[in-house]
Structure formats: structure tokens, C-alpha cells
Amino acid sequence: MSSADTSKIPNSLQEHWMPFTSNKDFKENPRLITGAKGVYLTNHKGKTMIDASSGLFCNPFGHGRKEITEAVAKQLEQLDYCQPFQQGFGGSFELATKIARHTPGNLNRIFYTICGSTAVETAIKISVAYHRAKGDSQRFRFIGRERGYHGMNIGAISVGGMVNNIKTFANILMPGVAHMRHTHLPEHKFVSGQPATGAELADDLERIAVNFGGENIAACIVEPIAGSTGTLVPPKGYLKRLREICDKHGILLIFDEVITGWGRTGSAFASQEFGVTPDIITMAKATTNGVVPMGVVACKEEIYDAVMDASPKGAVELFHGYTYSGIPVAVAAALAVQNIIEKEDMFSRAKEMAPYFQKGLFTLQDIDVVENIRGYGMMGGIDMKMNIKPGKAGFECFKACYEVGVNFKATGDCLIIAPQFICEKKHIDEIIDKLRTGILNYSKNLKN
Ligand SMILES: Cc1ncc(COP(=O)(O)O)c(C=O)c1O
């Protein structure tokens, strides 16, 4: 193990079973992050790295925001925890009102969860509860999409469409789920923004509805832009077509905006950016700038009303919730984030910086080992040419980039790039320059 500062490495790395990590590789040569400020991270070797993926799309408003730290500290002193069942505190209501100001249409009823996965699970359960409340109990089927990522619990992996996340658990998936095809077509190679072709892929939903009976389908869930599989941008007209088919069959449309929510596209939600209003939106990550876990489900008023009306007064209307649903520290962080968004006009900042970032990203297409690039707003994906087996190129390239001081997440052979909204042009330049150097270093090693 090579390290300039071994004092930063714990005595044993063996006990912690790390999530989504090649544990054996990591423990031989750990990458420990010791500090974060603004757009920069520091690792245990004392190296400064630029954060090119906002953590895991979590921290678009910058690391180490004092306003959030202070709000959380103050909250902990005043009220550290209160149970969220049959009780509450003012902050969660205040936050719900603020969130509802940003959500599209009348998605004004806000349910708190712990993270993105539990937001998706909750959206699935609310869909079933809504149909049942309306006397439509036969609607139990869910439609997801290939290359979709919705988190890691059983409901979320069932509607998700990434094979490595599913295959070990294939015999315990939720029943009644079908998948539409993903939206990335060969002619979309190196297309920036929304591709002009492919809207007809939404007709997969119609075909599935015809096969199973649209009256048996509870909801269709998609990420407006598939994030974890490398920014698959919806073809022009695709989301509108999905909306029309859902309306025709009475299917709820769920947009999973865990990544696209809170400004990633340049609008508060991708829903507004693409002009399509779903029935339910899930969010997490940037809701608290990533510093305290929190998930949110925003529902149309009629969904809430139907579930309320189906129960007598005094009864619990929805038997669902978490010990950590909207707890005070998460709410305090999220309220501080709302202030930052407002004061610093964060969505406009993202929108203004997006063309500069996209232009920079696409300059990398001349590199030999780059297979494809896609992007929209402040998110992008760089597919690396496969090297021997799937995933190797992405991982090796990530490590080469880490060495030159740019940090991000690689999924399979795709490099996931999502700069913070506080980035200035010089930061975008630094990200792109370091990506070029890192990718070229990776490519040189291939040839030797
Ligand atoms: C679109 C989407 N949905 C859900 C999730 C799951 O969120 P979490 O990891 O907070 O459970 C993610 C995580 O990356 C995501 O990208």
C-alpha cells in the first residue's frame, strides 16, 4: 500500500463491508477522503481534487456550506429528534410548503422518506394505495425501463433496469413488473441535448398496456433523464407521449427526480424543463445538499385526497412511514438548502453554466478511447471503449483521473460527470482539462 500519510488510514480496513465497491481492490490501495470545501476534496495523501460529480449528484451547492452546518447544529440543540408518527414539529410543515412551491402542477402533498430508494418504494406503495382507495384494486402492475436506476430495495430494483443490480436477486423481485426499452439509439452517438429521434420508444408502454390490460397497471416509473447509466437524455416528444399513454389508461406517471431534482437540468425539476407533469415525483440527494439523508415524494393533491377520503376520521390513512421520515436534522438541512437556492438563484446559475459545461464535455470526443458522450444541463456521461471485459475501462479510467486530481463516479464503462452549480468557468475548465489528462494517462497505460 502506498501512502504519504499513513496516519489518516485506520488500523484495519477489513471490518467495513463497503457498498458498491470492489472491496478487495480498495483495501489494497484505499482512496480515503479527508476533507471537502467548495468544489474541492482532499484525500488522505493530501492531494486536492476537484469534485466533478457533486459527490453522487448530492452536493450541487458546494461542500462545507456554513449555513447548513449552523442550521443543523442549532436544530440539534433545540430538538434533536421527535417521532414522526401521530406527532410532528413545525419545520417539516414549513419545508413541505417550500418544496410545494417548486414542484410542478398540483404536486403539493409531500411525504418524507429516508433516501431515494425509500422515496421510490413509497411512490410504489402510494400508487397502489391510491388505486385501491378508488376501488381499482386490480392495478398492481408496474412498468419500469431498461437502464433505469431507482435505488436498491426490492421494489426499486424490480422497476430498475440495470442487470448487475438484479441478477443476484432475480428470484425475489416484486411480481408484475415489465420494462420498456431504454431510449438510447445508435444514432444518438455524440448527440448533445435531446435527440431528435426515438419518441416512438414511448409506445412500448402502449404495447405493454395492450398485453396486460392497461386497467391492471398501477404506475409507470422513469427517470426523466436516466442518470446512473450515463445521462440518457429523453428524445424530443418522448416524455409527452408517455404522459398521453398513461392518461389514456389511467396509469400514474412517476418521475424519479432523485438526480434531476433541484436544478440539475437548469429548472427546479426535469418535469418543468421538458414541460411534462407527472402524478408523483421522487427526490433525495440535493434536497439536503447530500449532508443528511432525506427522501421526498411529492404527489398530486387528488392522490392524497383519494387516500384520505377512503378512511374514516381517526384512522391511519396510509400504513407506511419511517422512523427517520422528515426528522428535525434532515429538515433543518433542507430548509437551509431552500434558503441557499433562493438567495443564490441556484437554478439560474445551473442553467447559465450548462452550455459552457456541455461544450467542454464534448471537446473530449477526439480522444481515441472515448466511445460516446451524452449530456444535458449540468450532467453528462462519457462512455469508454470496452477494455477486455465490461466495467474494466470505466474503473481504470476513474483511478487514472483520481490520480490527476479529478473525482467522479464511474458506472460500468461510463464516467458520470455532474459538476456543482457553484462552479465558475475556471472550475469547468479544470474538470475538463483533468479529465483529458486522466483519460489520456489511462490510454497510454493500455498501449504499454
Ligand atoms: C434516480 C435515482 N433514484 C433513486 C436512487 C436511490 O437513492 P438512494 O441511494 O438515496 O437510496 C438513486 C441513487 O442514485 C437515483 O439516481
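A residue is called buried when its relative accessible area is under 20%, exposed when over 50%, and partly exposed in between (1.4 Å probe, protein chains only). The structure is a predicted model, in which local features need pLDDT of at least 70 and side-chain atom pairs count only at pLDDT 80 or more, while totals for chains, interfaces and linings use all residues. Residues are numbered from 1 along each chain as its sequence is written, and side-chain values use heavy atoms, leaving out hydrogens and water.

Cys-423 is buried, with 4% relative accessible area. Its sulfur lies 15 Å from the closest cysteine sulfur, that of Cys-58, which is too far for a bond. Across the whole structure, the search finds zero disulfides (pairs of cysteine sulfur atoms within 2.5 Å). Cys-414 is likewise in no disulfide, and the nearest cysteine sulfur, in Cys-397, is 11 Å away. Cys-414 counts as buried, at 4% relative accessibility.

Attention now turns to the ligand. Residues with a heavy atom within 4 Å of a molecule are taken as near it, and those surrounding the ligand include Cys-115, Tyr-149, His-150, Glu-223 and Ile-259. By class, this shell has four nonpolar, five polar and three charged residues; Ala, Val, Leu, Ile, Met, Phe, Trp, Tyr, Cys and Pro count as nonpolar, Asp, Glu, Lys and Arg as charged, and the others, Gly among them, as polar.

The side chain of Ser-117 places an N or O atom 2.6 Å from an oxygen atom of the ligand. For Asp-256, a polar side-chain atom is 2.6 Å from a ligand nitrogen atom, and for Lys-285, one is 3.0 Å from a ligand oxygen atom. Taken alone, the ligand exposes 390 Å², of which the protein buries 83% (Shrake-Rupley method, 1.4 Å probe).

Conventions. A polar contact is a pair of N or O atoms within 3.5 Å; within protein, one must be able to donate a hydrogen and the other to accept it, and residues adjacent in sequence count only if both atoms are side-chain atoms.
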